[in-house]
Amino acid sequence: MSEQNAQRAAADSAASAAGELADRLIESLAPALELLTIEFGRRLGLYEAVLARGSVDPLELSQAAGIHRRVAREWLEQQTAAGLLDVDDAAAEPDRRRFMLPPGHAAVLLEPESPAYAMGAATMFSGTASAFEAVVAAAATGEGVSYGTFGAGVRHGLQQLNRPGFVSDLDDWLAWMPDITERLRDGGLILDLGCGTGWSSVALARLFPRAQVVGVDLDDASIAEARLLAAELGLGGRLRFENADATDRRQLAALTGAPVDLVTIFEALHDMNEPRQALEAARAVLAETGAVLVGDERVAEAFGSRGDFLERLNYAFSVLHCLPATMAEGTGTANGTVLRPSTVRAWAADAGFVNTTVLGIEHPFWRFYRMDG
């Protein structure tokens, strides 16, 4: 091939790559905006109004939800164009069209303990976007952006995404630790680090009705909501929540008051500014035959180009939320969302654990580790 032909081929290849990337960016805009319209519907109770009436026209939705009729009509049409709602007669006059939820969609949008519930994707996206300007500004200083700055969107988005698994699958996860579960059925003590708004701790308390559970989190708002949840569910006698530092072994020992049979850390280790110290503190309060269960991101074993869906998803969350939130906690380890098995093993070894085992638990987003010793 002549030099001229090689240059032409290189130019054609670059033009093709540019076109593909441009198409990808434009195509990404629609689903991103649709997530915000879904969160719009959640916050205003629009899906509940549609479901409660079976079908609605714009005026009925407007009256039921307390929003302007024109806004109601536009949202109904947009949701139908996006495939989230159905319409009885698309050719009817705009204000006479009736809209309804297709079969199965209520489980995804309205049933928070359904395995199919995915509203958290929209809520989490809105919360992440709400702090975008702060994240951009903090990039120059490295000071990070505090978790609280992301507001209820991230706090509740995490709850919505993880609650179905805690409620439905926790017993299957713990079945991989039969020695621990056997002990906890007779009582014992569980420490849930990074408990957020409390659903992981609630699920543990329900699974082991004779055990005591202590949930710990740094976020004041999360702990306040968790305490309300425990009281509402009548679990206050066996379940309590504390605003505390997971890296402070003395504080954890004071809160538990006895050796702990199981320490759990669900999707929180990667967010800790001092993960080794947190694991050291967990090990310090463990009973001699106790263990730690970590559930964290199921990413690739090693970094590479052109990552798969999970790699792309976790790196994006890392840039926009997890990394800045971790950096805001101090000058320790800023790992970000992408927590690889080799890193977990290294942290556990540094913390003094003799064995770290990847459990064979099937989960679409998490990898599970047991730590002993």
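## Helix packing

The crossing of helices α12 and α13 is right-handed, the near helix being turned clockwise from the far one by less than a right angle. Helix α12 covers residues 249-256 and helix α13 residues 275-285; their axes lie 9 Å apart at an angle of about 40 degrees.

## Basis of the description

The model is predicted: local features need pLDDT of at least 70, side-chain atom pairs count only at pLDDT 80 or more, and totals for chains, interfaces and linings use all residues. Residues are numbered from 1 along each chain as its sequence is written, and side-chain values use heavy atoms, with hydrogens and water left out.

## Nonpolar surface patch

A nonpolar patch on the surface is formed by F132, V136, V319 and L320, which together have about 330 Å² of accessible area. Such patches join nonpolar side chains within 5 Å, from residues with over 30% relative accessible area and no salt bridge (a Lys or Arg side-chain nitrogen within 4 Å of an Asp or Glu carboxyl oxygen). Helices α7 (132-138) and α14 (309-327) each give two or more residues to this nonpolar patch.

V319 is in helix α14.

## Strand β7

Strand β7 spans residues 286-297 and contains E288. E288 is exposed, at 84% relative accessible area. The C-alpha atoms of E288 and D261 are separated by 8.4 Å, the two residues being 27 residues apart along the chain.

How values were computed: Helices (H or I, at least four residues) and strands (E, at least two) are DSSP runs, numbered from the N terminus. Buried means under 20% relative accessible area, exposed over 50%, partly exposed in between (1.4 Å probe, protein chains only). Patches are made of residues with over 30% relative accessible area and no salt bridge: like charges are joined within 9 Å, nonpolar side chains (Val, Leu, Ile, Met, Phe, Trp, Tyr) within 5 Å. Accessible areas come from the Shrake-Rupley method with a 1.4 Å probe; for residues, only the protein chains shown count as cover. Axes are lines fitted to C-alpha atoms, for helices over the stretch in contact, and angles run from 0 to 180 degrees between N-to-C directions.
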